[in-house]
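Dear colleague,

Please find the structure below, handed over for your records. My notes on it follow directly after.

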Amino acid sequence: MSAVLSPAAASASEIRISGTVQGVGFRPTVWRLAREEGLLGEVLNDGQGVLIRTVGSAEAITRLMQRIRTEAPVLARIESMQQSPLGRVPAYNEFRIVESVAGENQTRIAADAAICAECRDEVLSHSDRRQGYAFTNCTHCGPRFSIVHSVPYDRARTTMARFPMCPLCAAEFGNPADRRFHAQPIACADCGPRLWIETAASADLAAEAETVGDAAPDCIALAAAAIRDGRILALRGLGGFHLACDAGNAEAVARLRERKRRYAKPFALMARDIAMVERYCSVSAAAAEHLCSPEAAIVVLQADGAEQLPEAIAPDLDLLGFMLPYTPLHVLLMQALDRPVVMTSANLSSEPQVIANQEARDKLGGIADLFLMHDREIANRIDDSVLRFAGGRARLLRRARGYAPAALRLPAGFEQAPEILACGAELKSTFCLVKNGAAVLSQHQGDLEDLATFEDYQKNLDLYARTYDHRPRLLAVDLHPEYLSTKLALEMAEREGLPVERIQHHHAHLASCMAENGVALATRPVLGLVLDGLGMGEDGSFWGGELLLGDYRSARRLAALTALPMLGGMRAIIEPWRSTYAHLLAAMPWPEFVEQFGMLDLHRRLQQKPLDAMNRMLAAQLNCPLASSCGRLFDAVAAAIGLCFDQVAYEGQGAMALESAAARCPGLHKSDPYDYVFGIVAATDTDIARLDAGPMWRALLRDLSQGISQSIMAARFHRGLAQSLVALVAHALRDQRNFANGNGPAAGADSASRPEAIALSGGCLQNSILLEALLAGLGSLGFKVLSHEKVPANDGGIALGQAAISAARQLSAPGRPSFAQPERSAPCA
């Protein structure tokens, strides 16, 4: 459509749109809508997002803006749309898409998106020119973040720059009516990336003498045949290599575990379609929607289907993590297979995922039997995302492919926040940039204790800084002085002359949940129940089972689990029996335990451990730091009933096994008079209120001596813990001292100053049984209960909380009083 308007009849506007609006087909959509409304002008990408300059009637421009909001591409996320007048009416004679311009980067890079239905149909068609092409994509799907070097997002700034388009692809790219109009990664078999297969011993089978007739062999057919034969395949995917094998072949799975040195942690699975998943798991409509979504995360499901996979897929667990094919390559591979495949990150245990071909040859030669490779380079490593349903909601456990680096708009009041870099935690690490009132939370980085992961973390810090033109005025770090993220930030601060904000770990958890749930900066304090493994407390001890009262600026403890020694320090995390012994000693004198429960297998197994050394450690107060840790409590209980007693192979293994055991109890959600309730020790002038595990241990040991089943004991522990935590919150509300700190009159549970909301955070709240019980119990007290969905409850969300706290403190008016007061807590030995 083309028209010429007289300047007198025209209105001229500039429309600035920010958010995830590049690489998602946004400009073609604007082009189409503007032409339909009879408007003239232009649309382009720049560093701030999408810019529209348009001429036409004021009514048509208003309709265009309305339609952009309602008809935006499926992958787009509009954060703001601002209209301003143009000083003069340009002489346009059509509406066109123009070249991108550079500038300060304020736009959002789109996350990678799973293959859309249209592209899938083309790949599987017998007549389309992209039949069988493993790199098919369009504006609705395909690689984005994983291939981009910088913004604005154009082909020249991606790893597709080295692949010139053939005439047919160029025609599609330039045709506004085509689904691939301005699809930057567009390609076909004539001009795009190439796929080939190698063995560990020889290069490129497709170039060797092994042929099918006179033609080179079908690489995907060879790969599928190898998987069916029990071999291990290294496959270069979207954000890195995966290791794949037949999930139904117990010997292949065992061989993969041995070679990868991943002896117990659950493997992710890929199935051809929902029907294949349903052979092994129940799949709700909501779970199916997430499996088939553009994000295509791994969805953790109950393994209760008619068919079973080998126990080695997920040892001691009744859960399986499934995803569906999210690239054309995966689609083609899975079409040739009748069973699910293991699809796990290609690396040695704990190291970052391999992304480069030569790196795969060097590092995976002792694991994989053959390699399915391609020559589209991966600019940015990104793992698969993982989510789980709890309380009727999908909750991210790992935020990565499909979600990162999509920005999270900070709540009201944060619009003027300065640029901040929050460096996150040590485990499940992420970092977070604050810019223009939004938080850009990185993809999952991993555990920084591993050198290669730490190096990758630093590489990504540089990438995000360049990509977003981010120049922090402040660095936010965890209180723990030994976290590598903290040490790195302190070095950066000294080098660049930046101030550092030290953030208490559990306050960051609380703030992360508040920010995700849109709690405004000016909101009154909320309660926070934070349950995790460990975090450095303000008193120098380790915290991990905390009831806080806080806002974004400050927080204080109202109550906590009783602090107990971690025998051998961090060794107690790896060897759960140490936590069991510490808990038993706190619950009763050892002679009493021996007298009453000496017949138990638990006593026999403990006697085989170096208890004398533990006792000397306690007597000397050496290497036994105190910790009010909910994670260590789960470890201790799991070990006591026979789960992961000696050692764990990965973080949270005992807790996950305990949850699975509880899930097998037929009456899981029915209250039981024998549930293991805890005691509550009231606050004193020197200490906060405490949740005492002593009564719980006596009840558990009685059941153990009576031969009660593992599943019943696990269920009684979960129910008892949830009931006791709810009771602890109610107890804290009744203590008037908790709400009498210059914030109004002394307040009991019925006062107007009673907090209206409570936030739940911390890694222990990935446990669906505990989370659902707390949602119900705290809701019954009249609270608005806030919990995580879009950001992990574990330490993957810490960086967001650090960013929100630092921003709030920077935005505080000078002299603003804090509601926080010194907690009633004695120093820990």
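This is a predicted model: local features need pLDDT of at least 70, side-chain atom pairs count only at pLDDT 80 or more; totals for chains, interfaces and linings use all residues.

Residues are numbered from 1 along each chain as its sequence is written, and side-chain values use heavy atoms, with hydrogens and water left out.

Helices and strands are DSSP runs (H or I, at least four residues, for helices; E, at least two, for strands), numbered from the N terminus. The axes of helix H19 (residues 630-640) and helix H21 (residues 694-705) come within 11 Å and cross at roughly 20°; axes are lines fitted to C-alpha atoms, for helices over the stretch in contact, with angles from 0 to 180 degrees between N-to-C directions. H19 is therefore roughly parallel to H21 (angles under 35 degrees count as such). On the H19 side the contact (heavy atoms within 4.5 Å) is made by Leu633, Ala636, Val637 and Ala640, and on the H21 side by Met696, Trp697, Leu700 and Leu704.

His583, in helix H15 (residues 577-587), touches residues that include Leu633 and Ala636, as well as Trp697. Its relative accessibility is 10%, so His583 counts as buried (under 20% relative accessible area, with a 1.4 Å probe and protein chains only).

Turning to the sheet, six strands form an open, mixed arrangement in the order E16-E19-E18-E17-E20-E21; two strands pair if DSSP finds at least two bridges between them. Its edge strands are E16 (408-409) and E21 (500-503), each pairing on one side only. Strand E17 (residues 420-422) pairs with strand E20 (residues 474-478) in the parallel sense over three bridges, and Ala422 stands opposite Ala476 in E20. Helix H12 (residues 484-496) lies across E17, E20 and E21, at about 155° to E20.

A cis peptide bond, with omega about 5°, joins Ala404 and Pro405; Pro405 is in the loop between strand E15 (393-398) and E16. Gln621, although not a glycine, has a positive phi of about 50° and is placed in the loop between helix H18 (611-620) and strand E26 (626-629). With a relative accessible area of 55%, Gln621 is exposed (over 50%).

Yours sincerely

Note on methods. Angles under 35 degrees count as roughly parallel, over 145 as roughly antiparallel, 65 to 115 as roughly perpendicular and the rest as oblique. Lists of a residue's contacts leave out its neighbours within four places in sequence.
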